[in-house]
Amino acid sequence: MSHSPQPSDSASRPIPLAGERGACAPPAINPIAIYKGRLKADRQALYRKFDQGTPIAELVLERSQLIDAVLREAWINFLGDTEEAALIAVGGYGRQELQPASDVDIMVLIEPGADSRLADPLEGLVTFLWDIGLEVGHSVRTVDDCVREATGDVTVMTNLLEARWLCGNATLYPRMREATAPDRLWNSERFFAAKTLEQRARWHKYGGTAYNLEPNIKENPGGLRDIQMIGWVAKRHFAAETLHDLVGHGFLTESEYQALIDGQTLLWRIRFALHQLNGRREDRLLFDYQRTLARQFGFSDGDNNLAVEQFMQQYYRAVQELNRLNEMLLQLFREAILLHDDIGPPVPINKRFQSRSGYLEVTSPSVFRLYPFALLEVFHLLQIRPELQGVRASTIRLIRENRHRIDDDFRADLRARSLFMEILRESAGVTHAIRRMNRYGVLAAYIPAFANIVGRMQYDLLHVYTVDEHTMMLLRNLRRFTTPKYDDEFPLCSAVGRRIPKLELLYLAGLFHDIAKGRGGDHSTLGARDAREFCRLHGLGEFDTRLVAWMVEQHLVMSMTAQRKDINDPEVIQAFAELIGDPTRLDYLYLLTVADARATNPERWNSWMDALLRELYHGTRRALLRGLDNPQAQDELITQKQAEAMRLVARYGGDPSACNRLWIKFSLDFFLHNSPDEIAWQTRQILAADPSQLPLVVIRPVTVRGVTEIFIYTRDRANLFARTTALLDQMGLSVMDARVMTTDDRMAINSYQVLDQDCMPVDDPLRMEEIRSTLASDIVEQTGASIKVARSIPRRHRHFPIETRISFAADEPNRRTIMRLNTLDRPGLLAEVGAVFQSCGIRLQNAKIATVGAEVDDVFFITSGDDAPITCETALACLRREIHDRLESHASNQ
């Protein structure tokens, strides 16, 4: 039990303020400086105690009591012994849960008509409190004001519920409590319903998940607000003073209460440390602080697990447990408050389960002991009985208490294995069932390898969810591909999904695709091994088992091929088709890849990535149907593209013979790496242009690839790529793809596929004209000066030290050299690379631009100045050094 701190001399003797001294008083003192110093000293003392391991509950109470003393002294100095007002603590301060830099929320209760008489001293009081460094939130109300404002605002009612008298008129506080009691306004039913809606809205605001990369430990699902929500309802309905009172009311067991307190303690410690580290109020667990806090909380890097990942996993598992308790308690409250414990008669389902008031419950507390497989049957019943709204809280508690029964004997039980597969094979409710299994801890118990990824974060900017939450999102995405109401969302995925022969194999691959994250080694290979064992244990045939394991092992290959290779090259398509093997495997892998990419970071999923995967899918499917032993020749592909492009040009009134006269100056790469639509559109622009009015800069708002195309046709010059990419970056455009070609008569044909800052195509006419005129003016000027991109590296990116890596490979069929660049994403990156190409006499033929979290993975197809591949090791080493030095110099100046 904590003890109240002993008041210091200054706490027991208020310091007189200016104007209160007699004629013979000692020299004036500065009370603001005195109190500022005292608050600083008190805060530093708390920090020392925190660092020494003093329990956090003692520290937040002590902080509240220290502020109590200061406020009482200030009240006496400004309002004396007035009987017309009282000082009331509200909010977290009212609960005596005050963190070092938290707001100090107060309410001044006044007698009717006293506001004009107390206006000046109250203004002086609040000003003084701000001057000494307290961030004060205050209100001045009569009892009638409290009633009026609380009647229509549940937030005001909540604040009043947490009110605590500090000093002043001792009768005003009980009068306010009586006037706002549940029998006067906001009875338990209304209050509970309003707070439940409030919680749902708050969860929605924070993405509906506790597993954000930079969570708000106060407002996120599973955060401190959820614990407070339980306390508010308990106070309003049960007049409970502490959370432990719920144990006496039968709403919590001692172990559940302890889990609630353990979670609260961890969140309080993290919040206290954030305030200490930041020097001000901060509730967001930003990247800026995560590594430091991980060390402070005693974690160290392991072979396969960073300290920061271990720290964040502890946090995520704590909020997951708090989320579970919140769900269970709110359901118990619903039965007690809204239904008044009149939950109706049971409706039998089978000998193990029954329905009561629309919720599933066991027929006896001993069901899971007698029939352990019923721990899975719960979720299957929810699928096949859509009228059920959920699981009764008492049954949720029994599930939690009986999870230990899921052991090797349980997993070997044919009934359990059959139930699990039936859950995956059901036509409805698969996502909800698996997500609920994860939330109740049953999934991690049934698949032990899954327990390792529960709450596991990946410290990068690509994965915005923990591994288990990412898996849940992936399964949701897969399910939507098979649901008719989502057909318009991803038409190709929906069409492919309808011809998948066994959807349960797809779901199994989704469950296991990342299950080996954090175990060391290749997670795809290890996950495939786990999937193979699981499938065999569950009676799947060897063909299906191999298919699931293959999907897990190859789940990254399609996205990597689309983003990092030239999928317009028939040899790339042929090699990928040979890896896939048959159209059915392609269908499975395509759906898994799209679902995985969208579940990794929804904000980074865009029309460009969608188009790349669709293009790769269609190209591979054509190759498979054509036959792997009958690959399409490059010449045949180019001939087909030219014929289709000429048809499109003629459709819009173009002259086919003019096309031939123009195309004879183009390299084969132009036709190989552009679609017929792109070839036709660019050809029409060139043929329609006035040669005396070059440069030609044309913008196509939205292409079939879901991006904006910026097409430039002008006399070639050395720094064109560097300046163009710098200008595009300066205008906030992201280059997704760049195709750079020089014709036989030294004309530059450059095409840039771009997206705006919101990852959407540019469709505003004014914006497009701004881009066009800026580029055209710069090309006309033909200055050799480089453009410095003014934007700095984004805050989040600064916390990911990514080494610059440059590698080269030969592209012999196309007589090019492939340069792959991995480095930290930063503004002006392409311009810097382009400047090096210019200084080294390198000609850029094509570029594939990919950003993975904070890391770019760009591929450049380059040649020497005379269009030959770069084979000299000395030249390649020089190029590598030049790019590395330039990028590192740029980063150090940010």
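## Overall picture

Of the 894 residues of the protein, 57% count as buried. Buried means under 20% relative accessible area; exposed means over 50%, and partly exposed lies in between (1.4 Å probe, protein chains only). This is a predicted model, where local features need pLDDT of at least 70, side-chain atom pairs count only at pLDDT 80 or more, and totals for chains, interfaces and linings use all residues. Residues are numbered from 1 along each chain as its sequence is written, and side-chain values use heavy atoms, with hydrogens and water left out.

The protein has 39 helices and 17 strands. Both are DSSP runs, numbered from the N terminus: helices are H or I with at least four residues, strands are E with at least two. The C-alpha trace spans about 100 × 85 × 50 Å along its principal axes. Take the contacts (heavy atoms within 4.5 Å) between residues at least 6 apart in sequence: 71% of them join residues at least 24 apart.

## Confidence

The average pLDDT, the predictor's confidence in each residue from 0 to 100, is 87 for the protein. A score of at least 70 is reached by 93% of the residues. Residues 1-13 have a pLDDT below 50, and this stretch has 11 contacts in the model beyond near neighbours in sequence. Residues 18-25 are also below 50, with three such contacts. Where pLDDT is low, the predicted coordinates should not be read in detail.

## Helices α26 and α27

Helix α26 covers residues 523-537, and helix α27 covers residues 542-553. Their axes are 8 Å apart, and the packing angle is about 160°. Axes are lines fitted to C-alpha atoms, for helices over the stretch in contact; angles run from 0 to 180 degrees between N-to-C directions. The two helices are therefore roughly antiparallel to each other. Angles over 145 degrees count as roughly antiparallel, under 35 as roughly parallel, 65 to 115 as roughly perpendicular, and the rest as oblique.

From α26, the contact includes Ser524, Ala528 and Arg532; from α27, it includes Glu542, Val548 and Val552. The contact residues divide into six nonpolar, four polar and four charged. Ala, Val, Leu, Ile, Met, Phe, Trp, Tyr, Cys and Pro count as nonpolar; Asp, Glu, Lys and Arg count as charged; the others, Gly among them, count as polar.

## Helices α7 and α9

Helix α7 (residues 154-161) and helix α9 (residues 188-205) cross at roughly 110°. Their axes come within 11 Å. The pair is therefore roughly perpendicular.

Val154, Thr155, Met157, Thr158 and Leu161 of α7 meet Phe191, Ala194, Lys195 and Glu198 of α9. Five of these contact residues are nonpolar, two are polar and two are charged.

Phe368 lies in helix α15 (residues 367-370). It counts as buried because its relative accessibility is 0%. Leaving aside neighbours within four places in sequence, the contacts of Phe368 include Phe353, Val362, Leu398 and Arg405. The C-alpha atoms of Phe368 and Ile76 are separated by 63 Å, and the two residues are 292 apart along the chain.

Gln574 lies in helix α29 (residues 570-580). With a relative accessible area of 12%, Gln574 is buried. It touches Leu628 and Pro631, not counting residues up to four places away in sequence. Ser807 lies in strand β13 (residues 805-811). At 34% relative accessibility, Ser807 counts as partly exposed. Beyond neighbours within four places in sequence, Ser807 is in contact with Ile818, Met819, Arg820 and Arg880.
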